[in-house]
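Good morning, colleagues. Please have the sequence and the model in view.

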Amino acid sequence: MRFLDWLRPGIRVKRWILFGLLGVLLVAYGFTELALHSMYSIMYKVFYVFLIITGIFVLYVSVTEVMRGIIALINKGYIKVSLDSDKMQNLIYEKRLLVKGPKIVVIGGGTGLSTMLRGLKYYTSNITAIVTVADDGGGSGDLREDLGILPPGDIRNCILALADTEPLMEELLQYRFKDGRLKNQSFGNLFLAAMDGISDNFEDAVQKMSSVLAVTGKVIPVTLENMRLKAFYENGNTVEGESQIPEEAIAQKTRISKLMIIPENAEPLREALTAIREADVIIMGPGSLYTSVLPNLLVKKISTTIKRSSGLKMYVSNIMTQPGETDNFKVSDHLRVLYKHCGKDIVDYVIANVQELPKNLIEKYREEGSQEVIIDKEIINKMGIEIIEANLVKYKDGFIRHNSEELAKVIMTTVMEKALLYDKKKIIEYMYLSQRLKESK
């Protein structure tokens with residue numbers, strides 16, 4: 001910026017500089033009076049000491065606000081600051097900045113969660129993924145029944161999303177056997193099952209697998225108990241089992257009224273509660289509302305700890321409805337379900353897609369009983385929740401998916417503007433995130 005630009009109104013720097021000069025004058029005047037008039041009574045001395053302390057406080061406030069104003073100008077591009085990319089990369093690889101990144105807790109399961117994690121790990125290593133263990137279908141369900149272990153599928157996907165591995169290793173861990181008794185079983189699931197066999201418990205097995213694969217952050221199961229889901233339908237019927245819930249809703253042509261976990265008092269991992277308390281942001285979703293996101297929130301103390309946390313609370317809305325779970329749901333319907341099961345104050349922001357979808361794909365999804373999730377702004381605003389709209393769609397193999405890079409940018413921009421900017425202790429993190437976001441564009 002040129003010198004004359006600093007004199008324009010609205011910069012929000014000049015006022016704090018003048019305020020700082022006032023602090024300097026107070027300190028100088030106080031010291032001068034104490035030095036020149038040492039014979040003053042004790043009351044006068046106390047008064048001038050008070051002036052000095054006031055001046056120091058004024059200086060502290062002014063310097064803090066000037067720095068915040070300059071950082072905001074840098075972020076908006078009014079002040080050009082260039083960082084050496086090579087040096088920055090070295091710092092990243094040496095874990096000197098990533099370990100100081102914002103503390104993020106993600107809660108859910110399924111492919112949506114692992115997709116989001118791939119984007120987030122570009123910005124911070126302080127990621128804790130709290131993953132549901134209610135899955136009882138597919139290969140995970142088979143291992144759960146045969147070996148008595150917690151379902152490894154969702155946890156495996158999250159570990160791979162955060163892992164620093166060669167493409168060949170990831171391909172190996174995602175490989176599914178095509179024939180024999182291991183047909184449709186994932187090698188990664190078997191790897192985690194074997195790790196469980198040589199560990200004290202499932203949590204220890206997850207941590208060991210994470211260490212082997214050099215995972216950025218942590219992946220932890222929400223509980224170590226044998227958790228199952230039970231759904232109550234609007235027609236009065238009930239069903240148990242995660243894999244059966246949407247299927248029975250479709251078969252009975254009804255909707256889910258309420259969800260509960262068995263056992264109801266399942267204990268969460270202490271590490272999960274600690275991560276939530278210390279988080280800068282808590283993200284719920286994306287993923288199946290009733291069978292991936294909500295089961296975690298129903299575990300004892302999880303939702304209560306989220307509501308008490310000072311971190312930003314975000315819900316990432318699905319792009320399309322899910323047959324048997326969220327038929328005809330709008331964004332506000334997702335939020336109502338969270339309110340019904342967890343109470344208010346569980347969400348501060350909702351992230352929703354506004355990118356236009358191709359008509360041929362919309363028709364394809366409609367044939368399968370799915371449709372686009374509509375953003376009903378008026379109702380959401382009445383709920384006291386702020387909407388963050390963005391283009392979040394990525395097409396993969398003819399399916400609509402969340403774009404992990406764009407979703408991560410939206411989350412990090414919100415964290416930067418709503419949390420880090422107002423935390424004086426995290427100026428370095430703010431600068432770092434600002435630079436990373438600029439590089440990603």
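Let me begin with a term: a salt bridge here is a side-chain nitrogen of Lys or Arg within 4 Å of a carboxyl oxygen of Asp or Glu. By that criterion, the structure holds 11 salt bridges.

The model is predicted, so local features need pLDDT of at least 70 and side-chain atom pairs count only at pLDDT 80 or more, while totals for chains, interfaces and linings use all residues. Residues are numbered from 1 along each chain as its sequence is written, and side-chain values use heavy atoms, with hydrogens and water left out.

Consider Glu271 and Lys218, a salt bridge in which the closest N and O atoms are 2.9 Å apart. This pair links distant parts of the chain, 53 residues apart: Glu271 belongs to helix H11 (residues 270-278) and Lys218 to strand E3 (residues 218-221). Helices (H or I, at least four residues) and strands (E, at least two) are DSSP runs, numbered from the N terminus.

For accessibility, buried means under 20% relative accessible area, exposed over 50%, and partly exposed in between, with a 1.4 Å probe and protein chains only. Glu271 is partly exposed because its relative accessibility is 25%. Lys218, at 39%, also counts as partly exposed.

I turn now to Asp348 and Lys313, whose side chains form a salt bridge at 3.9 Å, N to O. Asp348 sits in the loop between helix H14 (331-342) and strand E9 (349-353), and Lys313 in strand E8 (residues 312-316), so this pair ties together parts 35 residues apart in sequence.

Within helix H14 itself, Arg336 and Asp333 lie 3 residues apart, about one turn of the helix. Their side chains meet in a salt bridge of 3.0 Å, N to O. Arg336 counts as partly exposed because its relative accessibility is 39%.

Finally, the glycine. Gly369 is located in the loop between helix H15 (359-367) and helix H16 (377-382), and is partly exposed, with a relative accessible area of 39%. Which residues does Gly369 contact, leaving aside its neighbours within four places in sequence? They are Thr321, Pro323 and Asp327, where contact means heavy atoms within 4.5 Å. Gly369 and Ile250 are 119 residues apart in sequence, with their C-alpha atoms 9.8 Å apart in space.
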